[in-house]
Structure formats: structure tokens, C-alpha cells
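Here is a short walk through one structure. Keep the sequence and the 3D view side by side as you read.

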Amino acid sequence: MVIRRKKILVRMSMLLAIAALSITATRAVIAAAHEPAVSAEQALQLLLDGNQRFVAGKLEHPNQTPARRAELGKGQHPFAAVLACSDSRTPPEIIFDRGLGDIFTVRVAGNVADQVVIESLGYSVKHLGARLVMVLGHRRCGAVTAAVEGDEKDKEEVREIVKELEPAVRASRGMPGDPVENAVRENVKLVVKKLAASEQLSAMVKAGELKIVGGVYDLDTGTIEMLKD
């Protein structure tokens, strides 16, 4: 009986040790998921450096190998999140010369930020470690053009998008210059402010743990113009 009890105690000790290791490992995984890959400043520089390579035609195509693909099967830790327009001419991974797992990309016409978009970006920040969010508009945006110049039929076809863009159209009305280009820029600025004030992101922005920036992509030159707050 004594030997049997000892065996039972040994087994229980082993099970408790395994359980403790499992909890420790789980906590480590959670901590790693929240840990930022790089700082916001470093992330922005990586994006801008990649864009310079893209503009100059000196692409490096980083992180696009089978080895990188296999590595990412274990998990992702993008260094930045980008909210971009769904326009086929503006894919962030290409214009920033990046690869697999580098950028958490959310794309929607007009780079607008409804609740689904905000929650998606919130996930990239809180669970994947991104500390930079870039809102990327682009010149001659079709969605913005429809909101500014489109007839009623055009606007009806993209009703929800136009609704999201109306604040930018109102804010840019009467500005000197091209109405569409003005609305594009105002939309980026307003979306940056909307994200920064959102329930999902505001606390981290106020604490200095997250940076949200805006830029406009030039379809002709490939350059990014960073907008001031």
C-alpha cells in the first residue's frame, strides 16, 4: 500500500509540474503576442525606406522566401498596420517593398474606417504587436471622386462608402485647388483622428504606445507624402 501511494504521489507531482509548464508556456505566448516587433518610429522608417526603393526601382523583395513562409506558419508579428484603399494600384506590400508577415493590411474603397476596420486594426495592435498604423490615401481616388463629383446614380452605387466620405467632402469644400485632391487629404486626416479617438486604440495613443499617421500615395511617381497632424 505504501509503495502504491508513493507511485500515486509521484504521478500527481508530475501532472502538476506539466500543468505548471503549460500555464507558463501559455503566458509566454500571450506576452509575445502583445510585445511590439519594433517601435513606431522604426516601423515608419522601414516603410519609407521601402517606398524609396520602390520609387527608385531598386526593389529588394524582403521576406518572400519559402523559409519565411514556413516561419510564419508558427505565428505573425507584423511591424506595422496599414489602412489603404482597395484600388488595385495601391497594394502596400508592393509600394513599401515588403514581404510576408511584415504589414497587417486592411483595404477598403476610400480607406474609410467603419467599425469592422477599426476592430481589425485594433487586433493588429493589441494581439500582434504593431505599434504604427498608417492611413494611406491616394491621388485621384475613385471613391472620393464619386463622393465629390458623382451624380446621384454613382453615389447610390457606393452609398455606404459615400456616407463615410461625406465629412471629408464637407471639410474640404471651398478650399483652393482640386476638390478631389483636397477631399482625399482631408479624408486621411479625419480617419487618423477617428482611429486615434476610437475605443480600441485611444488609450494606447494617449499613453504613447501607438502612433497613427497619414499619407497620400502618388499614382504617377509612386511616392508617399506624409501629412502633418
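What volume does the largest pocket have? The largest pocket has a volume of about 220 Å³. This is a predicted model, where local features need pLDDT of at least 70, side-chain atom pairs count only at pLDDT 80 or more, and totals for chains, interfaces and linings use all residues. Residues are numbered from 1 along each chain as its sequence is written, and side-chain values use heavy atoms, with hydrogens and water left out.

A pocket is an open set of points on a 1 Å grid over the protein atoms alone, where a 1.4 Å probe fits, with protein on both sides within 12 Å along at least five of seven lines. Lining residues have an atom within 4 Å of a point. Grid points are joined across faces, edges and corners, and a volume is the space filled by probe spheres set on the points.

The largest pocket is lined by 14 residues, and Val192, Lys193, Ile212, Val213 and Asp229 are the closest to its centre. Helix α9 gives the most to this lining, with five residues. Both α9 and β4 (211–217) supply at least two. Helices (H or I, at least four residues) and strands (E, at least two) are DSSP runs, numbered from the N terminus. By class, the lining of the largest pocket has eight nonpolar, one polar and five charged residues. Here Ala, Val, Leu, Ile, Met, Phe, Trp, Tyr, Cys and Pro count as nonpolar, Asp, Glu, Lys and Arg as charged, and the others, Gly among them, as polar.

Turn to the second largest pocket. Its volume is about 150 Å³. Of its 13 lining residues, Val148, Val169, Ser172, Arg173 and Pro179 lie nearest the centre. Helices α6, α8 (159–172) and α9 each give two or more residues to this lining. The largest share, four residues, comes from α8. The lining of the second largest pocket divides into six nonpolar, three polar and four charged residues.

Now follow α6 to α9. The axes of α6 (residues 142–149) and α9 (residues 179–197) come within 9 Å and cross at roughly 115°. Axes are lines fitted to C-alpha atoms, for helices over the stretch in contact, and angles run from 0 to 180 degrees between N-to-C directions. Val144, Thr145, Val148 and Glu149 of α6 make the contact (heavy atoms within 4.5 Å) with Pro179, Val180, Ala183 and Val184 of α9. By class, this contact has six nonpolar, one polar and one charged residues.
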